[in-house]
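The sequence and model are shown first.

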Amino acid sequence: ESIISVRNEISIGKNESVNYEIQEQEKKEEKINEKKKARFSFRKILGIVLALLIVISLTVIFGYFQKTASVSIKVWPRIEQKILSEEITIDTKLASPDFQNKVFPGKITNDKIAGFMNFSSTGKAASLAKAKGTITVYNAFSTSSQVLLAQTRFMSSDGKLFRSLRRVTIPGATSNKGKLVPVSIDAQVEAAESGAEYNIGPSTFSIPGFVSTPKFTAFYGKSQNPMTGGAEGQVLQVSGGDLDGARNSLAEKLRADGLKYAQEKTPQGYILADKAVSFDMVNENSSAKVGNNTDTFKLSADIKIRGIIFKESDINVFARKIAEAQIPKASNMQEKSLAVNYSVTDKQDGKMTVVLKISFKVVPDINLQELKKAVSRKSLREINMLLGDNIQLFKVEINPSVFWLRSIPG
């Protein structure tokens, strides 16, 4: 019994020890759970606060953009191009413009310039030119002079015959210690026939007229330079067509140069229309005539320039009046769009008729303030329909400052 009793006490002691440990463990778990609950509760509160802050921030931002939102609307007016034609008269005897009768004063200008051009010959002619040159003729025969008549024959060492062009007298030889010293004179000669084969180089010449006499070997000639100019074939020459074509080309060039010169000399504020100028070519001079054998020739001439100028401001005032009379109501002329072109149709006796081509652009008179009122607080769809139906507008572009905007702010 005592043993059983001790065992029971031991068993009871063990159970109490186990229970105590379990209780301690449960207390620890409770503390841990309490801490977890506290942390969860803090995170939950923090999350709610953050969510509220985000919602408030987005609300404030949205409200700000909604309050400050704007819309940029760009409109392009429908522009109409107009072109008018009006005939006027320029009179150099008139002192002031007559707008009612469309007559305006002008001035006459006179100038002159010179010019030239080189041209190529295209005509062709047969060439039968004879070679020419100079022969030095020596007298080693006697101290007496010797006369050689024109057309005296000279034979070159290679058998080419030449004739003297004029009479020459060969001085007599001189004597030095009983010996004759030859004396010479130059003679101009020409080949007996045409042809390039007579263009021979320096050569020695004999005089066939002295053959079979003692003079044959005592009179002789030498050339220091080649004979030149011999030809037989075709050469270029100036034809009538060449000269006519040259006149036309030079006249065209002088007219262009003359017009440019006259325009550069036109006083500031005046107009010189192209066809308001007349030209007269004078003092023509050609370096060659028709039939001259030459590859090229030069033609020069002067050209007189006569023009009529008129004041640009007079015409611009007139053109603006004509244009403004054609502008519809509720429209305006676009600034700097007015342009005037001039075309001369007739010119005589200090007068000329000029056709004005007047062009300008017309823009509708768009009231932007009324447009703003019309689109205020309307939806974008309504604005597109409203502006799209406006016949004054060519193009419309709508750009809201925020993407969610669906209507125009006030």
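## Aromatic pairs

Across the whole structure, a search returns 9 aromatic pairs, where rings of Phe, Tyr and Trp (its six-membered ring) pair if their centres lie within 6.5 Å, with planes under 30 degrees apart counted as stacked, over 60 as edge-to-face and the rest as tilted. Phe310 and Tyr342 form an edge-to-face pair, with 5.4 Å centre to centre and 65 degrees between the planes. Phe310 belongs to strand E18 (residues 296-311) and Tyr342 to strand E20 (residues 339-348), so this pair ties together parts 32 residues apart in sequence. Helices (H or I, at least four residues) and strands (E, at least two) are DSSP runs, numbered from the N terminus.

The model is predicted: local features need pLDDT of at least 70, side-chain atom pairs count only at pLDDT 80 or more, and totals for chains, interfaces and linings use all residues. Residues are numbered from 1 along each chain as its sequence is written, and side-chain values use heavy atoms, leaving out hydrogens and water.

## Burial

Phe310 is buried at 0% relative accessibility, whereas Tyr342 is partly exposed at 23% (buried means under 20% relative accessible area, exposed over 50%, partly exposed in between; 1.4 Å probe, protein chains only).

## Nonpolar core

The largest nonpolar core has 41 residues, of which Ile88, Ile90, Met352, Leu356 and Phe360 touch the most other members. Such a core is a set of buried Ala, Val, Leu, Ile, Met, Phe, Trp, Tyr and Cys residues joined through side-chain atoms within 4.5 Å. E18 contributes the largest share, 8 residues.
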